[in-house]
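Hi,

Here is the structure I promised to pass on. Have a look at it first, and my notes follow below.

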Amino acid sequence: KINVQDQNDNPPQVLYPVQTGGSVVAEMVPRSADVGYLVTKVVAVDVDSGQNAWLSYKLQKATDRALFEVGLQNGEIRTIRQVTDKDAVKQRLTVIVEDNGQPSRSA
């Protein structure tokens, strides 16, 4: 009996938002956005198989960490509090996608 195991040789690939030269994507959030407002969704795939292809999403950097969260398993970026007039007009978020391989690979 022979078991062939997948090697974690492929990093995740971000399908959305589409990454262009500067990797900056703009999404509009209305000032009236309430708690749980869906800003956007990061979509990624990993061509490895099994647990090496299981992905998790994390907020790596944020202008205001108290304003946004990223769904660990679904990549949804949502507000975690009411947007106020005191919030900066421009917010910058960096999301990292990691696979479950050993060692882990990311995008």
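Let me start with Glu-98, which is partly exposed because its relative accessibility is 22% (buried is under 20% relative accessible area, exposed over 50%, partly exposed in between, with a 1.4 Å probe and protein chains only). Before the rest, some housekeeping: this is a predicted model, where local features need pLDDT of at least 70, side-chain atom pairs count only at pLDDT 80 or more, and totals for chains, interfaces and linings use all residues. Residues are numbered from 1 along each chain as its sequence is written, and side-chain values use heavy atoms, with hydrogens and water left out.

Salt bridges

Glu-98 forms a salt bridge with Lys-58, with 2.7 Å between the closest N and O atoms (a salt bridge being a side-chain nitrogen of Lys or Arg within 4 Å of a carboxyl oxygen of Asp or Glu). This pair links distant parts of the chain, 40 residues apart: Lys-58 sits in strand S4 (residues 55-62) and Glu-98 in strand S7. Strands here are DSSP runs (E, at least two residues), numbered from the N terminus. Lys-58 is partly exposed too, at 36% relative accessibility.

The whole structure has four salt bridges. Another one pairs Asp-64 with Arg-81, again with closest N and O atoms 2.7 Å apart. Asp-64 is in the loop between S4 and S5 and Arg-81 in the loop between S6 and S7, so the pair ties together parts 17 residues apart in sequence. Arg-81 also forms a salt bridge with Asp-87, at 2.6 Å between the closest N and O atoms. Asp-87 counts as buried, at 9% relative accessibility. Through shared partners, Asp-64, Arg-81 and Asp-87 join into one network.

The sheet

There is an open sheet of three strands, in the order S2-S6-S5, with antiparallel pairing (two strands pair if DSSP finds at least two bridges between them). S2 and S5 (68-70) are at the edges with a single partner strand each, so one side of each has no neighbour in the sheet. S5 is joined to S6 (residues 76-79) by three bridges, and Glu-69 has Arg-78 in S6 as its bridge partner.

The largest pocket

A pocket here is an open set of points on a 1 Å grid over the protein atoms alone, where a 1.4 Å probe fits, with protein on both sides within 12 Å along at least five of seven lines; lining residues have an atom within 4 Å of a point. The largest pocket has a volume of about 1100 Å³, the volume being the space filled by probe spheres set on the points. Its lining has 33 residues, and Val-25, Glu-27, Gln-91, Arg-92 and Leu-93 lie nearest the centre. S7 gives the most to this lining, with five residues.

Cheers

Technical notes. Helices (H or I, at least four residues) and strands (E, at least two) are DSSP runs, numbered from the N terminus.
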